[in-house]
Amino acid sequence: MEPITIYIDGPLDALHLNDLQENVNNLQIQEGQFVIIDCTDMTYICSSGLRIFLAMHKDITSKNGKLVIRNLQPLVKNVFDMTGFSKIFNFE
């Protein structure tokens, strides 16, 4: 089974949340699925964006899959650290 990669470009704020949520809703997560969120070009994340990430994590791990976040920018990584999300997610 091929991994699924999600690319986030620009800020993940109130104006862009619906696009990500729609893409997540359309994913066909299978048992044991490996999902990568590539954040190379993500410049900001709001609390609602964090909730989407958390919901994805719960869905994927409930199916014995794995979610990995790649290439967080330092300012965004700081948000994950301050909120405790760094302890929940796997990073590359």
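Why are K77 and D81 separated by about one helical turn? Well, the two are 4 residues apart in helix α3, residues 74-83, and that's why they sit about one turn from each other. Helices here are DSSP runs of H or I with at least four residues, strands are E runs of at least two, and both are numbered from the N terminus.

Before I go on, some housekeeping. This is a predicted model, where local features need pLDDT of at least 70, side-chain atom pairs count only at pLDDT 80 or more, and totals for chains, interfaces and linings use all residues. Residues are numbered from 1 along each chain as its sequence is written, and side-chain values use heavy atoms, with hydrogens and water left out.

The side chains of K77 and D81 form a salt bridge, 2.7 Å from N to O. By salt bridge I mean a side-chain nitrogen of Lys or Arg within 4 Å of a carboxyl oxygen of Asp or Glu. K77 is partly exposed at 27% relative accessibility, and D81 is partly exposed too, at 41%. The cut-offs there: buried is under 20% relative accessible area, exposed is over 50%, and partly exposed is in between, with a 1.4 Å probe and protein chains only.

Searching the whole structure turns up 3 salt bridges. Another one pairs E92 with R70, at 2.5 Å from N to O. E92 lies in the segment after β4 (90-91) and R70 is in strand β3, so this pair ties together parts 22 residues apart in sequence. R70 counts as partly exposed, at 27%.

Then there's K63, in the loop between α2 (47-62) and β3 (66-70). Its side chain meets that of D59 in a salt bridge of 3.4 Å, N to O. K63 has a relative accessibility of 25%, so it counts as partly exposed, and D59 is partly exposed at 33%. Leaving out residues up to four places away in sequence, K63 touches I29, Q30, E31 and G32, where contact means heavy atoms within 4.5 Å. Look at Q33 as well: its C-alpha is 7.6 Å from that of K63, though they're 30 residues apart along the chain.

Last stop, D38, in strand β2, residues 34-45. Beyond its neighbours within four places in sequence, D38 contacts T5, I6, Y7, I8, R70 and N71.
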